[in-house]
Amino acid sequence: MTIERCSWARSANQRYLDYHDHEWGVPCHDENTLFEMLNLEGAQAGLSWETILNKRATYRLAFDNWDAEKIARYDAAKVAELLADPGIVRNKLKVAAAITNAQAYLRLRAEGSSLDDYLWAYVDGKPIVNHYQLGESLPAKTALSDRLSKDLLKRGFKFVGSTIVYAYMQGIGMIDDHGAQCFRNKQR
C-alpha cells in the first residue's frame, strides 16, 4: 500500500519522510524545539530542507543542544570551531545569526514571554489549517508571515525573512498546509 503524501515529500530519504509524517504541520509548544527550528529554518536559506534535516543531529551537538544561554555567550574561538565543522552549514552569517537569535530570545524571555506564547499569539493559540487542492501551489509567504517576520526583525532576530518565517510556521504547526491527497490531511 502506498502512502500518499504532500507533493514535496517524495523522497527515498526516511528522515525527510519522517519529518513530513510526524513534525511538519504538527503544533509544537516545546521552547527548545521552537528555538532550534527557528535557527534551522534560517540555516536552510538557499539550500534544501532535506540538507538541513540530514545535518540536524550534528547541529544539535555543535550548538549545545540549542541551549540559548550557552549560544548567546559563544566567542570567536567557538565561532571558528563551528565554521570548521563539516556537519553544519559553514556560513559566517548563519552562524552569527544563531548567536544573535539566542541573545534576542533571551531578551524575549527577560520580558516575561516565551517563544511559545509570542509565536502562538499570532494565531490565537490555534493552527491555521489550509485546504489546498491537488496541484494548487502553496504560498511562499503571507501577510501573517510578513507581520511576524517584521516583528522578529525588530526584536533583533536574524534570517527571519517572510519566506523563512512562513516555512517556520509550517514546520512548527502554526500553519497546517498538508494537501488534499496527503494522508496527514485525512487525519485532521
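Is Pro86 exposed or buried in this predicted model? Pro86 is exposed, with a relative accessible area of 57%; exposed means over 50%, buried under 20% and partly exposed in between (1.4 Å probe, protein chains only). Residues are numbered from 1 along each chain as its sequence is written, and side-chain values use heavy atoms, with hydrogens and water left out. Because the model is predicted, local features need pLDDT of at least 70 and side-chain atom pairs count only at pLDDT 80 or more, while totals for chains, interfaces and linings use all residues.

**View 1. The whole chain.** The protein has ten helices and two strands. Helices (H or I, at least four residues) and strands (E, at least two) are DSSP runs, numbered from the N terminus. In order from the N terminus, the elements are α-α-α-α-α-α-α-β-α-α-β-α. The radius of gyration is 17 Å, close to the 16 Å that the globule rule gives for 188 residues, so the protein is as compact as a globular protein of that length. This radius is taken over C-alpha atoms, and the rule is 2.2 Å times the number of residues to the power 0.38. The C-alpha trace spans about 50 × 35 × 25 Å along its principal axes.

View 2. Buried residues make up 47% of the 188 in the protein. The exposed surface comes to about 9,400 Å², of which carbon and sulfur atoms supply 52%. Accessible areas come from the Shrake-Rupley method with a 1.4 Å probe, and for residues only the protein chains shown count as cover. Of the contacts (heavy atoms within 4.5 Å) with a separation of 6 or more, 68% are between residues 24 or more positions apart. There are 24 positive and 24 negative side chains, and the centres of the two sets lie 4 Å apart. Lys and Arg count as positive and Asp and Glu as negative, whereas His and the chain ends are not counted. Each charge is placed at NZ of Lys, CZ of Arg, CG of Asp or CD of Glu.

**View 3. Helix 1 and its packing.** Helix 1 covers residues 14-22, and its buried residues are Tyr16, Leu17, Tyr19, His20 and Asp21. These buried residues pack against helix 2 (31-44), helix 3 (49-62), helix 9 (162-171) and helix 10 (183-186). At the start of helix 1, a side-chain oxygen of Asn13 comes to within 2.9 Å of the backbone nitrogen of Arg15.

**View 4. The surroundings of His20.** His20, in helix 1, counts as buried because its relative accessibility is 0%. The side chains of His20 and Asp21 are joined by a polar contact of 2.8 Å. A polar contact is a pair of N or O atoms within 3.5 Å; within protein, one must be able to donate a hydrogen and the other to accept it, and residues adjacent in sequence count only if both atoms are side-chain atoms. Apart from residues up to four places away in sequence, His20 touches Arg5, Cys6, Trp8, Ala9, His178, Cys182, Phe183 and Arg184.

**View 5. Two loop residues with positive phi.** Most residues other than glycine have a negative phi. Trp66 has a positive phi near 60 degrees and sits in the loop between helix 3 and helix 4 (68-71). With a relative accessibility of 2%, Trp66 is buried. Phe159, also not a glycine, has a positive phi of about 55 degrees. Phe159 belongs to the loop between helix 8 (143-154) and helix 9, and is partly exposed at a relative accessible area of 27%.

**View 6. Gly171 in helix 9.** Gly171 lies in helix 9 and is buried, with a relative accessible area of 6%. Beyond its neighbours within four places in sequence, Gly171 contacts Tyr19, Glu23, Trp24, Gly25 and Met37. Gly171 and Ala57, 114 residues apart in sequence, are 17 Å apart from C-alpha to C-alpha.

View 7. Cys28 is placed in the loop between helix 1 and helix 2 and is buried, with a relative accessible area of 13%. Leaving out neighbours within four places in sequence, the contacts of Cys28 are Thr33, Leu34, Asp116, Trp120 and Ile172. From C-alpha to C-alpha, Cys28 and Trp49 are 18 Å apart, at 21 residues apart in sequence. Pro86 is found in the loop between helix 5 (76-83) and helix 6 (92-110). Pro86 and Thr58 are 28 residues apart in sequence, and their C-alpha atoms are 9.1 Å apart.
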